[in-house]
Amino acid sequence: LFRSINTALFNIPDGNAEYIKSQEGFSDYYSGFGWFGALDEMSPFIGYQLRLAEETSFVYNESDGLVSRVMPAANINTNVYDLNIHDFENNGSMTVALYNDDERINSNDYVLAAFNGEQCVGHTEGLIFPLDGNMIFPLMVYGDDTADLTFEAYNKLTGEYLNIDEKLSFTIDMRLGNGNDPVTMNLGTEGPGEYSVGSPYPNPFNPIVNFDVEINSDSYVQAKIYNIAGQEIATIHD
C-alpha cells in the first residue's frame with residue numbers, strides 16, 4: 001500500500017530527519033514544510049535509506065485522515081536514454097539547477113542525464129521547488145564503484161543534446177545539494193561551431209565506404225543512414 005511520504009513519515013518530529021532515498025528516487029526534508037523530491041510515495045515492501053539528524057523512534061503512518069502534500073514525482077521513465085538501474089549495485093543523488101547563459105531554466109523542456117564514459121548512469125526531468133518557485137532536477141546516479149561523471153541535457157522540444165561543462169565524481173551514497181542550495185550546471189551548445197564531412201572513399205566502394213568527420217571540439221555525434229527516399233535505415237554511431 002503506497003502512502004504519501006509526508007503521511008508515512010508524519011510521526012518523525014520536525015527537524016529529526018534530513019534525507020531519504022530508495023533505489024529509484026530521493027527526497028529532502030525542509031523544516032516547517034515537509035518532504036520534497038522525486039520520492040513522493042512510500043511502500044512497506046520497498047527498502048529505503050533514511051538519514052537522521054539525531055536518534056529517533058517513529059511509527060510508519062498509514063492513516064488516511066491526515067492532510068499531506070502529494071508531490072509530483074520526476075519522470076524516471078524517459079526513454080531517450082537507455083538505463084536499467086538494476087544493473088548497478090550502488091547509487092547516490094544530487095539536486096541540480098540548470099542555467100543557460102546565466103539564466104535559470106524553469107521549463108519542463110529538459111531532461112538531465114549523467115554518464116560514466118559512454119554509459120548513461122542516471123536521468124531525470126525537473127520539478128518546481130515550492131519554496132522558491134524555481135526548477136530543480138533531482139538526479140539519481142548509479143554505479144558499482146567510484147567514477148568520474150559527465151553530464152548533458154536533452155531538449156524535448158527541439159531534440160537537441162546539449163553539452164554541460166561541469167564534471168563530478170560518483171561516490172557510493174553521495175548526496176550533493178538540495179532545493180535551497182542546488183548544484184549548478186550550465187548548458188553548452190548542441191555541437192561544434194564548425195565541422196566538415198569529407199567525400200566518401202573508396203569511390204566506387206565494395207563493400208565498405210568511409211567518411212572523415214572533423215569537429216573543432218568534443219561534441220555529441222550521431223550518425224544515421226537514410227535511403228534515397230528519406231527513410232531512416234539505421235543508427236551506426238551515437
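## Strand 9 and its neighbours

Strand 9 is joined to strand 10 (residues 119-125) by six bridges, and the two run antiparallel. Strands here are DSSP runs of E with at least two residues, and helices are runs of H or I with at least four; both are numbered from the N terminus. Two strands count as paired if DSSP finds at least two bridges between them. Strand 9 and strand 10 form a hairpin, with two residues between them. Gly117 sits in that turn and has a positive phi of about 65°.

Strand 9 also pairs with strand 13 (residues 147-155), again in the antiparallel sense, over six bridges. Val111 shows both pairings. Its bridge partner in strand 13 is Tyr154. In strand 10, Val111 stands opposite Glu125. Strand 9 (residues 110-116) is mostly covered, with six of its seven residues buried. Buried means under 20% relative accessible area, exposed means over 50%, and partly exposed lies in between (1.4 Å probe, protein chains only).

## Basis of the model

This is a predicted model: local features need pLDDT of at least 70, side-chain atom pairs count only at pLDDT 80 or more, and totals for chains, interfaces and linings use all residues. Residues are numbered from 1 along each chain as its sequence is written, and side-chain values use heavy atoms, with hydrogens and water left out.

## The chain as a whole

The chain holds one helix and 20 strands. It has 238 residues, and 38% of them count as buried. Accessible areas come from the Shrake-Rupley method with a 1.4 Å probe; for residues, only the protein chains shown count as cover.

## A nonpolar surface patch

Tyr195, Val197, Phe211, Val213, Ile215 and Val221 make a nonpolar surface patch of about 590 Å². Patches are made of residues with over 30% relative accessible area and no salt bridge; nonpolar side chains (Val, Leu, Ile, Met, Phe, Trp, Tyr) are joined within 5 Å, and like charges within 9 Å. A salt bridge is a side-chain nitrogen of Lys or Arg within 4 Å of a carboxyl oxygen of Asp or Glu.

Strand 17 (195-197) and strand 18 (213-215) each supply at least two residues of the patch. Val221 is found in the loop between strand 18 and strand 19 (223-226). Val221 counts as partly exposed because its relative accessibility is 33%.

The loop between strand 17 and strand 18 holds Pro202. A cis peptide bond joins Tyr201 and Pro202, with omega about -10°. Pro207 is found in the loop between strand 17 and strand 18. The peptide bond from Asn206 to Pro207 is cis, with omega near 0°.

## Positive phi at two aspartates

Asp102 has a positive phi, near 70°, in a residue other than glycine. Asp102 lies in the loop between strand 7 (90-100) and strand 8 (103-104). Asp102 counts as exposed because its relative accessibility is 72%.

Asp173 has a positive phi too, near 65°. The loop that holds Asp173 runs between strand 14 (161-170) and strand 15 (175-176). Is Asp173 exposed or partly exposed? At 32% relative accessibility, Asp173 counts as partly exposed.
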